[in-house]
Amino acid sequence: MNVAIVTDSNSGIFAEEGKKLGVHVIPMPVIIEGKTYYEGIDLTHEEFYQCLLEHRKVSSSQPSPGDVLDLWNRLLNGGYEEIVYIPMSSGLSGSWQTAQMLAEDYEGKVQVVNNHRISVTQRQSVMDALVLKENGYTAEEIKNTLERYAYESIIYVGVETLEYLKRSGRVTPAGAAMGTVLNIKPLLIITGERLDAYAKIRGTKNCKKRLLTEMKKRADEFHRNGNEIYVGVAGSFCSKEDDIEWMEMAQEVFAGEDIKYDPLTFSIGCHVGAGAFGMGISRKIRNIL
């Protein structure tokens, strides 16, 4: 079967890279003071995070059903027999629910993956889907395999400011004020569909070090079980210097691993703000082939 692999830009894959990989990408929309922009199309990450620093009103959204259907129909009319669609986690966005409803009219030709992943681990699922496709898996088989191993991944995120967690209700106004005074940086964990607080650390540098320590423990667990891993690093920094510094810290701890860096995407940036830093690992699907 000629299978098309489709994802959204929350994976960190944008149109140009998607063409090189053979992946079709739906750009995620973001609303800034009432105007809609599309990730990787008409707003750069530098511009987006500058808007956050300027405290402009920013909110995330999901792709419109029309945009999703237009792409699916174009692919099915353009030579593809089946589609695997990998949106961001159903627990963190309504994108999966909407896509699943739309796919019901396609008689199994469109398989929507409830992958429970986001950002760098979602990217890794897309790469796994390409491997499975190359090995002759059908769209349904790719979907089932990705869902079977969806939870074999983890993300940690540290934030520079408590402002956006306060807006979402994850931190009380009083807690945010106290945390700011004491320079407390929360370390968040994403496993499957949940975003939870993991630890509170004083100072950004210490938070980064703790994140890397915890992630190394998780990586070692994968290796002890005989699994290879993907390592993804991300950040919502407004300068290349900060990007480089965070990447170098990760490379020092994960020497020998092939590490991919992505900017934190708009969907996450809306909730963590500028200056956030994250890392994700997941098991390589090729271990089961």
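# Strand pairing, loops, a helix and a pocket

User: Which residue in E5 is the bridge partner of Ile-32?
Analyst: This is a predicted model, in which local features need pLDDT of at least 70, side-chain atom pairs count only at pLDDT 80 or more, and totals for chains, interfaces and linings use all residues. Residues are numbered from 1 along each chain as its sequence is written, and side-chain values use heavy atoms, leaving out hydrogens and water. Strand E3 (residues 29–32) pairs with E5 in the antiparallel sense over 3 bridges; pairing requires at least two DSSP bridges, and the elements are DSSP runs numbered from the N terminus, with at least four residues for helices (H or I) and at least two for strands (E). In E5, Ile-32 has as its bridge partner Val-58.

User: What is the average twist from one strand to the next in the open sheet of order E4-E3-E5?
Analyst: The sheet has 3 strands with antiparallel pairing. Strand E4 (35–38) and E5 each have a single partner strand, so one side of each lacks a neighbour in the sheet. With axes fitted to C-alpha atoms and angles running from 0 to 180 degrees between N-to-C directions, the twist averages 30 degrees.

User: Is His-55 buried or exposed?
Analyst: His-55 lies in the loop between H2 and strand E5 (58–60), and has a positive phi of about 60 degrees although it is not a glycine. Most residues other than glycine have a negative phi. Buried means under 20% relative accessible area, exposed over 50%, and partly exposed in between, with a 1.4 Å probe and protein chains only. At a relative accessible area of 52%, His-55 is exposed.

User: Is His-116 buried or exposed?
Analyst: The loop between strand E7 (110–112) and helix H5 (119–134) holds His-116. Phi of His-116 is also positive, near 55 degrees. With 11% relative accessibility, His-116 counts as buried.

User: Which elements do the buried residues of H6 pack against?
Analyst: Helix H6 (residues 139–148) has as its buried residues Ala-139, Ile-142, Lys-143, Thr-145 and Leu-146. Contact means heavy atoms within 4.5 Å. The buried residues pack against strand E1 (3–8), strand E6 (82–86), E7 and H5.

User: How many charged residues are in the lining of the largest pocket?
Analyst: The lining consists of 21 residues, and those nearest the centre are Phe-14, His-45, Glu-46, Lys-240 and Pro-263. A pocket is an open set of points on a 1 Å grid over the protein atoms alone where a 1.4 Å probe fits, with protein on both sides within 12 Å along at least five of seven lines, and lining residues have an atom within 4 Å of a point. Charged means Asp, Glu, Lys and Arg; Ala, Val, Leu, Ile, Met, Phe, Trp, Tyr, Cys and Pro are nonpolar, and the others, Gly among them, polar. Besides 7 nonpolar and 5 polar residues, the lining has a charged count of 9.
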